[in-house]
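Open the model in your viewer and keep the selection tool ready. Each stop below tells you what to pick next.

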Amino acid sequence: MLNLYPCVLLVSLLSISLSFSQNADKSEWAIRTEQLFDFVDSQIELDEFDAALDSLEAVKAWAHRTQVPADQQLATLHHKLGVIHYFLYQYETAQTYLDTAKNLWLQLEGHNSPDLANTYYVISVVYKEQGFLPKAISHLLKALDIRKGTQPVDSLQLADYYHELGDLYNRSLERVKAEEYFREALFLYQNTLGSDALEVADTHTELGILYTLWGRYQTAIDHTQKGLAIYEQSPDPFDQFAAVNCERNIGLAYMDSGVYTLSLNYLERSLGGYRTLQQADDVTEIRLAISGNLDNLGMVYKHLGEYGKAESRTQEALSLLQKDLSPFHPDVARSYDNLGDIYFAQKKWETALEHYHRAILSLVPDFRDEAVTALPSPTHHTIGDYVTLVRALWAKAKCWDKMAIETDDNSQLETALRALQIADTLIAAQQRSFQVDASKYLLLEELFPLYELAIQLSQQLYESTQEDRFLETAFGFSEKSKARILLETRRRLNAAELAAVPDSLIDQLLTLKSAITQSEQQVFEAQQAAETSPEAMQSLQRERFALRNRYEQRLAEIERQYPQYYQLAYEQKSPDLKAIQAQLGSESQMIAYFWGNESLYVFACTQTSMAMHSLQLTDSLIASIRGFRESLRAYQAQPWAAFAEQAHHLYQVLLAPVIKDKHKELIVLPDGPLAYLPFGTFLVQPSTHPGDIDAYLLKHYRLRYDYAAALAFSPAGSSRQSTPPYPFRGYAPKYVFDQGNLGDLPAARNATVQIAEMLKGVADTAAQATKTRFLETASSAGILHLAMHGLVNDRSPLLSSLVFSVEDTADRHLRIADIYGLRLSAAQVVLSACNTAIGDIQRGEGIMSLSRAFAFAGCPSMVASLWSVPSEETAQLMVDYYAGLQQGQTADLAMQAAKMAYIEQSLPERQHPYFWAGWAVVGDVEAVSLRQGLPWGWMGGGAVLLLLIAYVWKSRKGGRKS
């Protein structure tokens, strides 16, 4: 998938402006350079790079002999020397010249020079070719900022920059962002040059590459064919070369989608096309394309099991690359990596290991240890192309894992684990630059098997050595896959407070974040609507692109103005097991799960013990979990005996191997489908009827859940959670059937009023319970209680909503997108509505639910439902729950007591867990305790009274003295 686009653009950047005085005769130096630069530009246009270099070297030697002063011509000379060395694949030399040019421009013209922007651009391209992607992006963004700040940026120039940024973000695996930059470039090219322009073809081709890597193969082929159709109309040999590239890219899309016959056809055809072009003009670009094509054919033959052909094609590719490129080049590394895959597929572990090691040596020039057991340090300054490097480290780990199975050698497992830890460090450093949440999810999807392998290796080492450090490592990798975006949001809010970032700036960020989420929702709705025109879709996508750019610019401004904010936001670490032990009470136990592709891992921790357990994710276990959840929601369809058998079986499988009987509090960190299960309904012993309280796990343990250990054991601690005016504020709409087909909830309304009276709070009911009212008053209460309908959208979680009362001027749906833009100070949100804890599972984040959205808004504790809970039973359970809080109970204890009271007081036919078990307490249970006799509304008045008494006493005392 060769990309010649930067080469074309670089030629246009060669003609840097020269500032000659109009009022004085030109010096001999100025005359010589002016003539030379015109001549050199013409040589570059003809691909005569060696001749151009000789000309520039001659004038450089002359300048050195005559000691010309630093001026624009000297800066331009170094810039052009850098460009020529780039074209000759001499990247380090190119970098040296370009850095000199950059420093001269800064000295001569300052930070806002268009000439400096040109040099930044070329530096970016050189960094890209070496695989230093963050540096490439940084320099290109600097160039773009200068262009935008110093002169009007025409659409064509902006499109060029966006096109190149799209390529950089694609190589960095930040796919969503890459797509947006490419689409914006495509729009600008089409509007400026027309739909048949070659730049339009270039961008379609790049989008094809992007979608192939993304796994959207048909979309990739569609875009590539659009580019191919434009190239085929051009007589230019360069465009014929681009057309052959398109055929090769279509072959790669078919290869990655598993259609190997078609892939072979396209790749063989493109190989023939390259060789035909080579006969007419044997240039380096064509030779490199041929080597890449051979590499691709090697991979297809590997997939087909024809290993002899695979090896010969890939070896031939490597030999060609080594003739034209430095041994320290990402393309050379990828060829070694592909050879490693071919040997790995044949179970030749040691040979594969050697080739993966050669790949790493090609990527890290200052790492020269030839021993295959050696690993580079993540602190090496010359590491390039982190994607291929991570892949090679991961592949080495898989080799050692296979070899250890045959030799039973723990040292190989340790080396494999160390390789994965280095790979993870590289991933974390790269991901810091990601701004689009969807890109982070995609990256985790691709790298998730790496984490699972690391946990597996750690467990094997722990079981054979009983060393706690391996258990700690396994748990650390497990945590990396949980609630990443939520954790980042929480850390940023906390960092903003600690770094004294003004609330106004953070509120601007949150407003933009909410606007982006709403824009994503609009794009999704438009994609689902058959009548959406291409123009309307393009407009929505461009609006989302503009919002994301504004968000990133505002975030960058904050990070520049408040450097401590950046440090605090990115350097906070998740707690390890020893830190968790220090925070656990004597009656508390944490149980955390990691749902992998092959195994389920369970971590257990108390004040005095740590343990790890695993079980294979068999079809029967997955079916059992799914069936148990369905039987809770459709309880009438299954006899109690069958349900009890399932509930006891899941207890034995998921909890019994690690649970400690003497503990009374369970902190559960579920993962994957386990997040849909109410653990309190598991049966610790066989049961004959649903009223058998002693059989439920609920009777023996109070339960609370959380999304990750970093949240459960590193509380938000926000200074915003001060004492609000009201301890409680409830919202309970009245629903009219003809206003949305939603049944009314009178029991929920009555319970909300009752709870408000009990806690001296406020209840907004019926027509007062509007979305507008909620947004105006939500910051005034310690506990927010929303007793209403909850609607879940499985296809697009952002469309899930809470439904308020109808009002004339506003939408009554409070969607996840709206909640993301809030900054709440409530200690707890009680979502007394249906399905508020469920939604689509996003790997790396968890269930995208309404309750999680309130966690994003800053609430440390939530009560939410796991299915469509019955209204009458919920009303009574909620009253009892709040009574427990008022008596000083923690949230988990209050919920346990309320559920047990319900079972004891209910008729046998209403004792099934369906009626009471759907409620889960998530987050900090200590934050919401309310002690009877000290209602919050009285506390402010009491404080004022004390101050008044103190003032009167002091006045009287002072009067006696006088």
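Select Asp281. This aspartate is partly exposed, because its relative accessible area is 40%, a value between the 20% limit for buried and the 50% limit for exposed. Asp281 sits in the loop between α13 (260-280) and α14 (284-303). Keep in mind that this is a predicted model.

Next, show helices α10 (residues 198-214) and α11 (residues 217-231). Their axes are 7 Å apart, and the helices pack at an angle of about 160°. That angle is over 145°, so α10 is roughly antiparallel to α11. The crossing of α10 past α11 is left-handed.

Which residues make the contact? On α10, pick among others Leu198, Ala201, His204, Leu207 and Tyr211. On α11, the contact residues include Tyr217, Ala220, His223, Lys226 and Ile230. By class, the contact of α10 with α11 has nine nonpolar, eight polar and two charged residues.

The largest nonpolar core has 175 residues. Color Tyr162, Leu393, Leu450, Ile580, Met590 and Phe603, which touch the most other members of that core. Zoom in on Ile580. Leaving aside residues up to four places away in sequence, Ile580 touches Phe475, Pro575, Met590, Cys605, Ala709 and Phe713. Another core lies apart from the largest one and has 125 residues. Val602, Leu632, Tyr707 and Val863 are among its members.

Key
Residues numbered from 1 in each chain as written. Predicted model: local features only at pLDDT ≥ 70, side-chain atom pairs only at ≥ 80, totals over all residues. Heavy atoms only, no water. Core = buried A, V, L, I, M, F, W, Y, C linked by side-chain atoms within 4.5 Å. Buried < 20%, exposed > 50% of the residue type's maximum accessible area, 1.4 Å probe, protein only. Contact = heavy atoms within 4.5 Å. Axes fitted to C-alpha atoms, helices over the stretch in contact; angles between N-to-C directions. Helix = DSSP H or I, 4+ residues; strand = E, 2+ residues; numbered from the N terminus. Parallel < 35°, antiparallel > 145°, perpendicular 65-115°, else oblique. Left-handed = near helix turned anticlockwise from the far one by under 90°. Nonpolar A, V, L, I, M, F, W, Y, C, P; charged D, E, K, R; others polar.
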